[in-house]
There are 2 protein chains.
Amino acid sequence: MSGTDDGRMTALIAKLDAVLGPGGLLTARSDTDAYCTDWRNLSPGRTPAVLRPADTDAVAACVRLCVEAGVPLVPQGGNTSMVVGATPDNSDGEVVLSLSRLNRIRSLDPLDMTLAIEAGVTLKAAQDAAAAADCLLPLSISSEGSAQIGGVLATNAGGNNTIRYGNARELVLGVEAVLPDGSVFNGLRRLRKDNTGYALRQLLVGSEGTLGIITAAVLQLSPRPRQLEVALCAVETPEAALELFGRFRREDPTAVQAFEFMSGTGLDLVLALIPGATLPLEQRAPHYVLVELASGRRDGTLRGLLEDVLGAALEDGTVGDAVIAESEAQRQSLWRLREEHSEAQKRAGASVKNDVSVPVSRVPELIRLATGACETLIPGIRPAPFGHLGDGNIHFNLVQPPGMDPAAFLARDHEIMDTVGAVVRALDGSFSAEHGVGRLKPYMMPDWRGGAELAAMRRIKQAFDPRNLFNPGRVLPAEDMPAGP
Amino acid sequence: MSGTDDGRMTALIAKLDAVLGPGGLLTARSDTDAYCTDWRNLSPGRTPAVLRPADTDAVAACVRLCVEAGVPLVPQGGNTSMVVGATPDNSDGEVVLSLSRLNRIRSLDPLDMTLAIEAGVTLKAAQDAAAAADCLLPLSISSEGSAQIGGVLATNAGGNNTIRYGNARELVLGVEAVLPDGSVFNGLRRLRKDNTGYALRQLLVGSEGTLGIITAAVLQLSPRPRQLEVALCAVETPEAALELFGRFRREDPTAVQAFEFMSGTGLDLVLALIPGATLPLEQRAPHYVLVELASGRRDGTLRGLLEDVLGAALEDGTVGDAVIAESEAQRQSLWRLREEHSEAQKRAGASVKNDVSVPVSRVPELIRLATGACETLIPGIRPAPFGHLGDGNIHFNLVQPPGMDPAAFLARDHEIMDTVGAVVRALDGSFSAEHGVGRLKPYMMPDWRGGAELAAMRRIKQAFDPRNLFNPGRVLPAEDMPAGP
C-alpha cells in the first residue's frame, strides 16, 4: 500500500478512529510530523496516521485492523532511537503506533522487588517509582528522560551500569505483548526461575518491534546502594586502563558499577567546548578512566577498597594520577566529563558514530588499531573513543579534522564506519553493541550475521509476521525474505 | 518411521556408520540400553542406533542424513534429565545423538573471564577448568558430575547459586548449534553487549533440543569468592524465613550466594535415614534456612555481616536458633543436611516431586496452602518442601504416609501434582522452575502456557523444524501441531 491508495487508507483510518476515540488518532501533518522525525534527524519520514491507544486491548484492536488492511505499523515509544528504528519511512504508507498513553505503573512489590509497568512510562519515571519504594531500577541511559520502557526493552538498552546489573534483557522477568496476529501474549510473570518452553520474553526483547509490540513488563529491581565512590584516573595507555579494570574486578567484581574509558582527544574537546568543565588533575593525559564503585552495605569499607587499588596502581605506574570525589557535587562533576562527550563532539563539527563491542580483553587493540586505520584514511581526523570498557563496548566516534568541510567529512561516513568495522570484525566484535539495527544498519546484517544465523532470524520473522507488517525493513534487510524454510 | 521399517533404517545406519567411523555408532541393544533409560527410570525406551559424533561437522552430517531419511533425533548429554527429556521413546524409531565425544575445552581467557567449551564436557570438568585459572563457573547442580554442558544449557539449568549469578541462560555469552536443516549457527561470540538481531542464543538455551543441538558455548566466568560464610537457622514459620531473606538482601544483595529453605519434616528424614547426619542445634524446629554468603573481597568483613543480621534476628525472635560454620568441614556438613534431602526421601518410601516456582514474596503461602491441600487429599502424607527460597523455587516433594503401599501412593501421583499445581497456579507460579518440560510434562503446556504463548512456541518450532524431527513430543504437546500461522 502506498500513500496514494487513499480509499483503502481512508477506510482504515475511519475504523481506527472509532476504536481509538477522542485524542487517540492524529492525522494532520502538523500533529504527526514530530512522530516522523528520528532523534538524530537522519531520515525524516511521513505517515498518514499516528495511533495513540490507551490500553493493551486498544493496541490489539489497532493491530488487527491494520493487518487486515495490509498496512505496516511502526511502534514508537519516546522516539530516541539512534538507528532510525521507530519512525516511518517517507512512503506515507506506514502508520505510527505510539505507546505513550500506556503510561501506568501497574504494581510495585517491595518484597519481590518487582515493578509491573506499562510500555509508555518513561525510564526516568520508572526509576523514580522504584526509588520511592527505596529500590533501584538499575537501567540508566542518557535518553532516560524521554525513552519509554517499551522501546528500552524492544532495543535491549544497555547503558553505564550494565557491568553490575546486566542489559535490559537481564532485568526483565515478564512481558506482555501484542503479536502480529492481534493476539496478546500474557507473559507478565514475576518468576526468577521458569523453564516452561521457549524464551519468548527474551526473543521479544531486542527484536525492535519486528515480532511484537511490548505493552507492559515486569522489571527486577535491586536494593539501593548505600555507598558510592567515584574516581577519575589518568592512564598512559589503553592497556593500563584494562589492567586497572582487571584489578578492581579481581578485588570485588560486584563492586564495579561503571568503568568508563575516555580518550584524551575526547576529554580535551569537553574541556574546550563545554562551559564549566574542568579537569581536576594536574595535567592532561593520553587516556582516562572513570570508575564508580557501589555497595549495598553500610560498613563504610568501599572507600578503602578504592584507595587500596588506586594506591597500588599509582605506585607501580599503572595509573599516572587520580582524584576521588569527596562529595555528591564532585561525583556529578566527574560524571559530567564523561556525559558531555556527545555534546562536545557535536560542537566540534561533524562526527561519525560507531557503537561497537569487542571481547573486554581486546579493547586496547580496538582503540589502537581503529585509531591508526582512521588516521590513515583521513589525515587529521580526531578519533575520540569513549564508553563502557568493562563491557567491551566502545563508542568509537570520529570527529572531523579542524577546518574540513563538515559535508565533505560526512560524505565519507560509510568509509569511516567500514574502516572501524573491519577492525571490530577482526577482533570478533559486533557492529552494534547497544543501539540496535533499526533502519540504519540492516544492510550490515548479511555480512556480519549471515548464513545460518540470518536465515534463522528470517524464519522467526516469517513465523511471527508472515505479511511483514511489524516494523518492516528494520533489523532484517528487506529483500529476499524467503517464504519459509 | 517405525522400528519395523527395517530397510530404510538399515540404509540410514549404513550411511551414518560411514560418516561416524570406528566407535562412532552403537547399534547392539547391550550398548544402547544405557542411553535409553532415563535417570529416574520413569520411561525406558528403545533405539535403533546411538550416534557418537566427535565434532560439530560430524553432528551436522548426522543431522542431514537423519532429516533426509525422516528419522527423529534425540540429543543426549549426561542423561540426567528429571523429566524424560533426553531418552528415546519405546517406538524403536528415534535415534539417539550423544554429544559426549565433543568434550574439548576450546579456550579460556582469564582477562575476559570466558570459557569456550564443547557440549560434551561435564559441568564438573568445566568448573575444574575454571578453577585452574583461579576463576569460578558459578553454575552448580547436584548432577554436575555427569551432566554435560550441552544439556545444562539446553535445559537452562538453575541450582543453588542462581540467586547470585543467574540461571544458565544468564551465564552464556555465545552458542554454536546445529539446526534442523543441518546448518551450523556459529554464534560463539564472547561479547557482553551485542544488539544485532534476534536473541537466538537465548532461544536455543532452554529449548531442550527441540530447535537445535548445542555443540559448544562460551560461558561467562566470575572471580572466585575469597570469603564464604554458612549458617543454619531454625525458624518457626515460612514467613520468618522470608523475612530473614529480605534482611540479608537489604543489607547486601550481592553477598547472598544461596538461601535454602528446609521443612522440619524433610530435615527429620535426613537425620533419621542418612548415616552420620546430625543437627548442630539444641532442638528441632518447624522449619530451617541454610544461608551462604560470599564476597570477592579479602577484608574479612563478611562474618560481621552474617553475625549482625543473625544477631538482630535472634534478638527479635525471627530466628529461634542458629549455628555458623567455623571450618570447611562444618560448612560441608551443614550443606549435607540440604543435599541429602532427595536421598532421604527415597529411603522413606515413595515420593512425588514438584519442581515449582512462585514470586519470592509468595513462598510462605505456597508452603502453607500446598501443605494443607495435600494433607487433606491424603491423610498422613508427609509434605517435605525444600529448596531455593531466594529464587521462589521450591521442590515441593511429598513422601508417602508411613506404612502405605508405595504403589498405591504413586498411583495417585497426578492427583498430588494437580493439587500442588492448583496452589502454584493461584499464586502466579510455574509448574517447572528448573527441570524443564521434557516428555513428562508437555500435557501441562496448553493449560499453563496456552493461547498466544503456546501458539507462538508452535510457530517457532515449525519455523526451525518443519518436519518435527528434533526431540519431537518434548516441550510441546505432539498433537495438533499446526502447519503455520
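The structure is a predicted model, in which local features need pLDDT of at least 70 and side-chain atom pairs count only at pLDDT 80 or more, while totals for chains, interfaces and linings use all residues. Residues are numbered from 1 along each chain as its sequence is written, chains are lettered from A and ligands numbered from 1 in the order in which they are written, and side-chain values use heavy atoms, with hydrogens and water left out.

**Where chain A meets chain B**

- Contact here means heavy atoms within 4.5 Å, and 88 residues of chain A are in contact with 88 residues of chain B.
- About 7,400 Å² is buried between chain A and chain B, with carbon and sulfur atoms giving 53% of that area. Buried area is the accessible area (1.4 Å probe) that two parts lose on being put together, summed over both.
- There are 16 salt bridges between chain A and chain B, a salt bridge being a side-chain nitrogen of Lys or Arg within 4 Å of a carboxyl oxygen of Asp or Glu.
- One salt bridge joins Lys193(A) to Asp391(B), at 3.6 Å from N to O.
- Chain A and chain B also share 52 residue pairs in polar contact, both residues being at pLDDT 80 or more. A polar contact is a pair of N or O atoms within 3.5 Å; within protein, one must be able to donate a hydrogen and the other to accept it, and residues adjacent in sequence count only if both atoms are side-chain atoms.
- Several elements of chain A each supply at least two residues of the side that touches chain B, including strand S9 (184-187), helix H10 (302-315) and helix H17 (452-464). Helices (H or I, at least four residues) and strands (E, at least two) are DSSP runs, numbered from the N terminus.
- H17(A) gives the largest share of that side of chain A, with 9 residues.
- By residue type, the side of chain A that touches chain B divides into 35 nonpolar, 26 polar and 27 charged residues. Ala, Val, Leu, Ile, Met, Phe, Trp, Tyr, Cys and Pro count as nonpolar, Asp, Glu, Lys and Arg as charged, and the others, Gly among them, as polar.

**Arg249(A), a residue to look at**

- Arg249(A) sits in helix H8 (residues 238-251) of chain A.
- Arg249(A) is buried yet has no salt bridge, and the nearest side chain of opposite charge, Asp112(B), is 6.3 Å away. Buried means under 20% relative accessible area, exposed over 50%, and partly exposed in between (1.4 Å probe, protein chains only); for charge, Lys and Arg count as positive and Asp and Glu as negative, with His and the chain ends not counted.
- Leaving aside neighbours within four places in sequence, Arg249(A) is in contact with Val256(A) and with Pro110(B), Leu111(B), Asp112(B), Met113(B) and Pro223(B).

**Salt bridges within the chains**

- Over all chains, the count comes to 74 salt bridges.
- Asp112(A) pairs with Arg190(A), their closest N and O atoms being 2.3 Å apart. Asp112(A) lies in the loop between strand S5 (105-109) and strand S6 (114-118), and Arg190(A) in the loop between S9 and H7, so the pair ties together parts of chain A that are 78 residues apart in sequence.
- Asp112(A) is buried, with a relative accessible area of 4%, whereas Arg190(A) is partly exposed at 21%.
- Glu118(B) forms a salt bridge with Arg104(B), with 3.2 Å between the closest N and O atoms. Glu118(B) is buried at 4% relative accessible area, and Arg104(B) is partly exposed at 39%.
- Asp134(B) and Arg224(B) form another salt bridge, at 3.4 Å between the closest N and O atoms. Asp134(B) is partly exposed at 46%, as is Arg224(B) at 37%.
- In chain A, a network of salt bridges links Arg104(A), Arg106(A), Glu118(A) and Glu176(A).

- Glu260(B) belongs to strand S13 (residues 256-263) of chain B and is buried, with a relative accessible area of 0%.
- The side chains of Glu260(B) and Arg338(B) make a polar contact at 2.6 Å.
- Thr10(B), in helix H1 (residues 6-20) of chain B, is exposed, with a relative accessible area of 52%.
- The C-alpha atoms of Thr10(B) and Pro48(B) are separated by 9.1 Å, the two residues being 38 apart along the chain.
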